[in-house]
Structures are given as structure tokens and as C-alpha cells.
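Please keep the sequence and the 3D view at hand while reading.

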Amino acid sequence: MSKSLYIAEKPSVAQEFAKALHLDFSRKDGYLEATEAVVTWCVGHLVELAPPNVYDAKYVKWSIADLPILPQKWQYLVSASTKKQFGILQKLMHRPDVDSVVCATDAGREGELIFRLVYQQAGCKKPFSRL
């Protein structure tokens with residue numbers, strides 16, 4: 001049976017979504033799962049801009065004269081403090097029984113960015129929609 005994966009911004013919001021879906025969810029490590037759906041969360045910014053030294057070693061110690069540092073292509077890294085939750089999201093996105101993803105992060109630009117960076121960094125190609 002195929003499932004939808006709902007991604008909220010915070011654990012408390014994910015739990016509210018799970019309640020609203022009226023399904024029999026069981027708690028797992030980093031997500032909630034029912035027969036028809038999986039609900040998980042981002043715990044804020046899981047993916048962040050890479051620091052300047054990732055683009056060029058000379059920026060390990062940069063000065064004001066180096067600014068602005070404008071790379072040709074922006075690079076992103078998984079935040080060290082959230083690697084575990086990112087790994088959970090990545091695995092859930094690539095599960096064969098998950099056929100679609102629902103962006104359920106906060107409605108503003110920041111919530112959308114949090115979702116899009118995770119989706120991109122996880123290499124997910126599945127269709128997604130916005131709650």
C-alpha cells in the first residue's frame with residue numbers, strides 16, 4: 001500500500017497533523033506511522049548554507065576585503081546538530097511505499113525554504129504538494 005509522507009517543521013506540529021488525520025499512528029524514532037501515512041518533522045533548519053571555506057580554502061580566514069563572496073553555485077550542508085533527523089527524513093523520502101510528499105511546514109517563506117532544502121539535499125524526486 002502506498003503512503004503519503006507529511007513533513008512538518010516541528011514535532012509538536014507533526015503530532016497535531018497526525019491527530020487531524022484520524023489514523024492509528026504508532027510512534028517511531030523521528031516520525032509517526034500509520035498504514036496510510038507517515039508524519040515527520042524537520043526540527044527547524046536541517047540544511048544550511050555551506051561556509052565560505054567550502055568554496056575555496058583561502059576563505060578559512062577571510063577578511064572584509066574578500067566580501068562579497070558570491071559563488072557561482074550555492075552549496076548546502078546538513079547541520080551537524082540535526083544530522084540524525086535529516087537521515088530519518090531522507091530514508092522516509094526514499095522508501096518504496098512512500099509515493100508522495102506533503103510539505104506541511106509553516107506557511108511563510110522560511111517554512112517553504114526549510115522543506116525545499118531538505119527535499120533537494122535528500123535527492124528526492126517524488127511528487128510533492130503544499131498543505
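In what follows, helices (at least four residues) and strands (at least two) are DSSP runs, numbered from the N terminus. The model is predicted.

**A surface patch.** Trp74 sits in the loop that joins helix H2 (52-55) to strand E6 (76-78). With a relative accessible area of 43%, Trp74 is partly exposed. Together with Leu49 and Leu70, Trp74 makes up a nonpolar patch on the surface, and the three have about 350 Å² of accessible area together.

**The sheet.** Six strands build an open sheet with mixed pairing, in the order E2-E3-E4-E1-E7-E8. Its edges are strand E2 (26-28) and strand E8 (128-130), each of which pairs on one side only. On average, neighbouring strands of this sheet are turned by 25° against each other, direction ignored. E2 pairs with strand E3 (residues 31-33) in the antiparallel sense, over three bridges. Within E3, Leu32 stands opposite Arg27.

**The cysteines.** A disulfide is a covalent bond between the sulfur atoms of two cysteines. How many disulfides does a search of the whole structure find? The search finds zero. For Cys103, the closest cysteine sulfur is in Cys42, and at 8.2 Å it is too far for a bond. Cys124 is in no disulfide either, as its nearest cysteine sulfur, that of Cys103, is 12 Å away. The table gives the accessibility of two cysteines.

| Residue | Relative accessible area | Class |
|---|---|---|
| Cys103 | 0% | buried |
| Cys124 | 4% | buried |

Technical notes
Residues numbered from 1 in each chain as written. Predicted model: local features only at pLDDT ≥ 70, side-chain atom pairs only at ≥ 80, totals over all residues. Heavy atoms only, no water. Patch = residues over 30% accessible without salt bridge, like charges linked within 9 Å, V, L, I, M, F, W, Y side chains within 5 Å. Areas by Shrake-Rupley, 256 points an atom, 1.4 Å probe, with all protein chains shown as cover. Salt bridge = Lys/Arg side-chain N within 4 Å of Asp/Glu carboxyl O. Buried < 20%, exposed > 50% of the residue type's maximum accessible area, 1.4 Å probe, protein only. Disulfide = S-S within 2.5 Å. Pairing = 2+ DSSP bridges. Axes fitted to C-alpha atoms, helices over the stretch in contact; angles between N-to-C directions.
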